[in-house]
Structure formats: C-alpha cells, structure tokens
Amino acid sequence: MSALLEVSGVSVTFDGFRAINNLSFNIGAQELRAIIGPNGAGKTTFMDIVTGKTRPDEGSVTFGERSVSLLALSESRIAQEGIGRKFQRPTVFEDQTVFDNLMMALKKPRSPFSVLFFRPSGRDAARVEELAAEVGLGDHLARKSGELSHGQKQWLEIGMLLAQEPRLLLVDEPAAGMTLAEREHTTALLVEMAKTRAVVVVEHDMEFVRRLNCKVTVLHEGSVLAEGSLDHVTKNPAVIEVYLGRG
Ligand SMILES: Nc1ncnc2c1ncn2[C@@H]1O[C@H](COP(=O)(O)OP(=O)(O)O)[C@@H](O)[C@H]1O
Ligand SMILES: [Mg+2]
C-alpha cells in the first residue's frame, strides 16, 4: 500500500539552528501513528511543515494518490486537500450550542454570500447528529459549549474537524489536562477515526500512547531516531538515552 503522506529528506533551519534535519516520514491512508520525543525534538515544527505554516529549506512533502506537492500550496489549500489539525487549546464557540458549533463546521462553500443565505437542511442536521454521536456528544447537542468539560470541548473540536472530512488529521497532545475516563474515551475515538483516515498524534503521556496500540515514531533533534511498536522503540538504547532517561 502506498503512503497517503510522504515526507522525504526535509530540513528546516531557524536562525542557523537545524530544527528539522533530513526528516523522512510516511503514513498510510488508514493508519494511526503516535509521534513522541523530548521537548524541542521538532514535533510541532513537523506539523507546521505538513500544514504549510513553515516551509522547509529542502526535501519534499507529497499527499494523496496523485502525490501533490504540499510545498507549492498555501495553508488554506492544504486544508482543502484534506489535512486537518487540532491544536492543544480548544477553539469552540463557547456561547453556541454543540449543535451550532458542529453545524458551522460542516463542509460548505465559504463565500460571504453563502454564509449570509445559509439555511441548514435536514441533511445537515442529520450529519451534525452523526458527528456528535461519533465523538460521544450525542446527548449534549443542545448544551452551550462553554458548559462542557475540558475533555468534551476537545471532542467537540475533533467533531468540528471531522465535519471537514479530512483524510489526514494531526492532533497535538490530545490527552493533556484530561481525566482518566476522558483519556480512555479519547483513545477509543482516535482508534476509531483512524479506521477511515490517517491520524497522527503527538503525545507525551506514555500510558496514553500504549493504549493507542499503534506504530510509534520517535523524533530527536529533528530526525527519526526509531520507529516501530512502543515496546520496540522503548527497548532501543538510543531512545532510552535521549528520551526516557530524562524522565
Ligand atoms: N519559529 C521558530 N523560530 C526559531 N526556532 C524555532 C521556531 N520554531 C521552533 N523552533 C525551535 O526548533 C526546535 C524544535 O521545536 P518544536 O518543533 O516546537 O519541538 P517540539 O514540538 O518537539 O517540542 C526547538 O529548538 C525550537 O526552539
Ligand atoms: Mg511541540
């Protein structure tokens, strides 16, 4: 099976400092992948490159069956190609209900005209209910988003990303600040989502990564240090030295 996203030989230098160093990374169309690594390893910069926020000095980044080069596309075009990103802090509209947040996120033409005259159809409402059920908020559609727990807000935001029907979803530290029960729900959600799309999760919490039960990529100094199952990479002496050894 060929990769959905192919990053090859990518380097980025900030003021003479090589934050990403000859990095190569592939992910399949229906794959869940965890990226771990110490602070400053380049995890966020990697996501910035894939989403077009940061442009590499060298290397290639291609996406989809036609291997479209993402380096030639703007951030918004990359999003339209089917790459979604979830940041750590939820950005839901707190005064709006769960239903309305999801409705606003549905994939629609975005011209000012279409927003002005937008009237939700029954089909849209059904899709919103489906998305809410998918992220575990099916019983909370009428609630104001501001009343949701931290974990529920994160799931709502995941639902809003899913509304855009991304083929690749990048998620930065989803478990941060969650209760154990919320983490478990989040694990199940990520595993389920990766059955129909590619999902990359950056996460520090090893127990969380263990429960994801997926291939792990260890980044260090902007390169891939090791790749494989969590058991495989955590036995690697180089990984123990640079990452696990620090706590
Ligand atoms: N815009 C930037 N300008 C200068 N240095 C940066 C910039 N973005 C990231 N860096 C540096 O690149 C390295 C990798 O950062 P980052 O990708 O945020 O690491 P991680 O997310 O793995 O903690 C760090 O040393 C960081 O200080
Ligand atoms: Mg980071």
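These legends describe close-up views of helices in a predicted model.

Local features need pLDDT of at least 70, side-chain atom pairs count only at pLDDT 80 or more, and totals for chains, interfaces and linings use all residues. Residues are numbered from 1 along each chain as its sequence is written, chains are lettered from A and ligands numbered from 1 in the order in which they are written, and side-chain values use heavy atoms, with hydrogens and water left out.

**View 1. Helix α7 spans residues 180–193.** Helices (H or I, at least four residues) and strands (E, at least two) are DSSP runs, numbered from the N terminus. The expected span of a helix is 1.5 Å times one less than its number of residues. For the 14 residues of α7 that gives 20 Å, and the end C-alpha atoms are 20 Å apart, so the two agree.

**View 2. The two sides of α7.** Glu182, Arg183, Thr186, Thr187, Leu189, Leu190 and Met193 are buried. Buried means under 20% relative accessible area, exposed over 50%, and partly exposed in between (1.4 Å probe, protein chains only). Leu180 and Ala181 are exposed, on the face turned away from the buried side. An α-helix has 3.6 residues a turn, so residues three or four places apart point the same way. The cover over the buried residues of α7 includes the strands β3 (32–36), β7 (168–172) and β8 (198–202). It also includes the helices α5 (122–135), α6 (150–162) and α8 (206–212).

**View 3. Arg183 in helix α7.** Arg183 counts as buried because its relative accessibility is 18%. Contact means heavy atoms within 4.5 Å. Leaving out residues up to four places away in sequence, Arg183 touches Ala175, Met178, Asp205, Phe208 and Arg211.

**View 4. Helix α6 among its neighbours.** Of its 13 residues, 12 are buried, so α6 is largely enclosed by the rest of the structure. Among them are Gly151, Trp155, Ile158 and Leu162. The buried residues pack against β6 (83–86), α3, α5, β7 and α7. At 1.5 Å a residue, α6 should span 18 Å; its end C-alpha atoms are 19 Å apart, which agrees.

**View 5. Helix α3 against α6.** The axes are 8 Å apart, at an angle of about 30°. That makes α3 roughly parallel to α6. Axes are lines fitted to C-alpha atoms, for helices over the stretch in contact, and angles run from 0 to 180 degrees between N-to-C directions. Angles under 35 degrees count as roughly parallel, over 145 as roughly antiparallel, 65 to 115 as roughly perpendicular and the rest as oblique. Val98, Asn101, Leu102 and Ala105 of α3 meet Leu156, Gly159 and Met160 of α6.

**View 6. Helix α3 (residues 98–105) across α5.** The two axes come within 9 Å and cross at roughly 115°. The helices are therefore roughly perpendicular to each other. From α3, Phe99, Leu102 and Met103 make the contact. Their partners in α5 are Asp124, Ala125, Val128, Leu131 and Ala132.

**View 7. Leu102 in helix α3.** Leu102 is buried, with a relative accessible area of 0%. Leaving out residues up to four places away in sequence, Leu102 touches Val128, Leu131, Ala132, Leu141, Leu156, Gly159, Met160 and Ala163. Leu102 and Ala125 are 23 residues apart in sequence, and their C-alpha atoms are 9.3 Å apart in space.
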